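I opened my notebook to follow a few strands and their partners. Here is what I looked at.

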Amino acid sequence: MSKMYHKEKSIQLKSSASALYNNLSVLRIAPRCITYFTVVHANVVNMVSASWDGLNYSHRQLQSKEGNVATSSSLIMQAAWCVLPSRDLLVLTSQKGIQMYESDGSIMVYWHALDTPETPTAKAVFARGIAAVREKYICVGVSSGSVLVFDVPSKGSNITLSEVLEEHKEAITDMASECSGNLECIADLVSADDSGLLCVWKSGEDFQLLNKIPGFDTSCSSVKLWKGTVIAGYGTGQIRLYEGVTGILLAEVNAHARWIYSLDIAPFTGLIEHMYNECVTDTQICGARFCDGDGYAFAVTGYDLSEIIRYTQA
Amino acid sequence: MSQRTLPLLIINLGGEMIYILDQRLRAQDDNDDKTQRGRWTDDDRKRVMNDIVATMFNKAFLEELLRPQDLYSHRALRTVLTRLAHASIMRLNQASMDKLYDLMTMAFKYQIVLCPRPKDLLLITFNHTDTIKELVKDNPSLVNQINEAQRQLIEVYTPLSDGDFELIRHTLLVLFQDMQIRVSIFLKEKIQNPNGHFVLQTSGPVPYGFEVPGLIRYFNAKGQEVRRTRFPSGGNYTSALRQGSFDLSGDRVTILGTNMYNTPSSQEMDPSTTSNSTRKQKQADTTPNPLATEELNLLAKLMGGMEVQKILNVDTGFKVNLLALDQEEEGIGISEGTAHESSRVINIQATQDQIASTELARIAGEFDEGGSLTEGPGNKGDDLLAMMDEL
């Protein structure tokens, strides 16, 4: 039975959202009854923690830094939480490299610099696409098409680059790990790039490529993996569902009249059918996330908008 | 971010600037305000247009733009565009240039935000070059120059992927982030809301290559469609129109990037058709913004009348009211942050050309000699500026 959503009170941000793919990340901390939201604005990440009773909000801003040197601004491409069994880390990807923070953004625990050429080349250099995989991996994509696999210990800052996966030839746009919680799934990770190519991986000491699903000459901006099904949003406004390991196309949705910027699924629902649509007037949406695993609430961000708009089921 | 953004930025912004200046100089010609000295004739206007276009499409200038590089800061950008505006006998004082910059950036921002597919940024650019070509069509060598520039753009940009264009679009949107200046013509045409955000339609044709939303198709393992369902898309969309042409000339299909100041509504704002009743009606429609009026008052107090000089020789300057918010002259109504049409004349005494050139010289002086790359927002583009001086 289809349930209606209604608009809730928005959360104000310190600065507006930039027009980036997947520009909203949500972390639910049940023991403390709060939810964290992050939204990228140019070279700053706005973090808001919202208490579930709606009474307390606190803000923090993280600036993109290169190691210990505060140099001229480096634009951030994405910020996302990585939930691992033993710890949650906040990962930022920018033109200069990758930074990992403790989940509240208080301490930077790791910094990885990208190789930037001496003189500007025609190809931009940046990192984009973040996913936590299984117990101990954080995978980050790069504009060259490489996927960097980081080995993360259960605590401390001894994070190491364990592998570089070279299958994509175009810039990585998004990455997603299996989110159903089902440990029997073979595929652990899917990566997407600007040509629309999807790569499906199995994690391990050496990551194994399970399948390559070609694109159709349009960027895949946002991707999810659920019970082995790859759900991908494309620049043509379409969403496609593939069986990850075989590459079989299961369904195709003509979803939007513009480029899709962000897509999310609520892992505990198991629904693939249209339930609801809403139009945020005069706003170009750049981030969309469910706030909980049941899909009870979701939030969106928009370009030039200094608030997070929320919807909950009636 | 994207190293390929600058040419599109300069050509589109320059194009908007040319549209505005052309319209203003034409309006100037019709203006029968007897208090002005130095009328702008049609020949004067053509001369200004030709000079500016020649500078903008100069071969060496374009080569410098097309070199892969980071985007300029707003400050450097404004300096380059000011130099461009001053490529001829026309001079704008600081305040006029500020308003011009605001208007052209908001116009281009509108085009970027509304751009249906990232690749359409190129079509928008071509709309600008097409229209500029039309403006200077009496000058064959200039038309050739523009064609040559367009060929270079085609060569550089057609191989780029959608993802590359999306990155260019993103780079531009970062530059224009949070710019919410309300522009009278946009508010009037209902393409901008009073809060400064642009109106986004949820109806009309979908972009080329898109399907109309609202359909789900299910497939079996053999790739055959087994079921279809429909859902309400929340909008009122129709099939895509044909693709715009990416050639040297052709139907671009999109109207973004065309000269909006030539639309019938701007004709209605022609001073010769203004009547008392129209003015009164406009006054009734608008909601005054007290804060903006305060700003305008302060500006007026500080600066006097906003005017433009026409330079025939350095000694005598001909003063022209280019960007006045005058009750007799509706003009473009370039108003910063207000839709209040009944605002009084901003009588800003013209800054003498000497002061204007000193201003630019001062800004230029802040750049490093020799174009060495040191940190600081003002240093980008000094190669470009040096080159413009030589033109």
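**Strands and hairpins**

I started with a hairpin: strand 19 and strand 20 of chain A form it, with two residues between them. In its turn, K227(A) has a positive phi of about 50°. I took strands as DSSP runs (E, at least two residues), numbered from the N terminus. This is a predicted model, where local features need pLDDT of at least 70, side-chain atom pairs count only at pLDDT 80 or more, and totals for chains, interfaces and linings use all residues. Residues count from 1 along each chain as its sequence is written, chains are lettered from A and ligands numbered from 1 in the order written, and side-chain values use heavy atoms, without hydrogens and water.

Next I checked the pairing (at least two DSSP bridges between two strands). Strand 19 (residues 220-226) of chain A runs antiparallel to strand 20 of chain A, joined by six bridges. L225(A) has V230(A) as its bridge partner.

I then followed strand 20 of chain A onward. Five bridges pair it with strand 21 (residues 238-243) of chain A, again in the antiparallel sense. T229(A) has E243(A) as its bridge partner. This hairpin has three residues between the strands, and G237(A) takes a positive phi near 85°.

Last, I looked up an open sheet of four strands in chain A, with the order 3-4-5-6 and antiparallel pairing. Strand 3 (25-29) and strand 6 (57-63) of chain A each have a single partner strand, so one side of each lacks a neighbour in the sheet.
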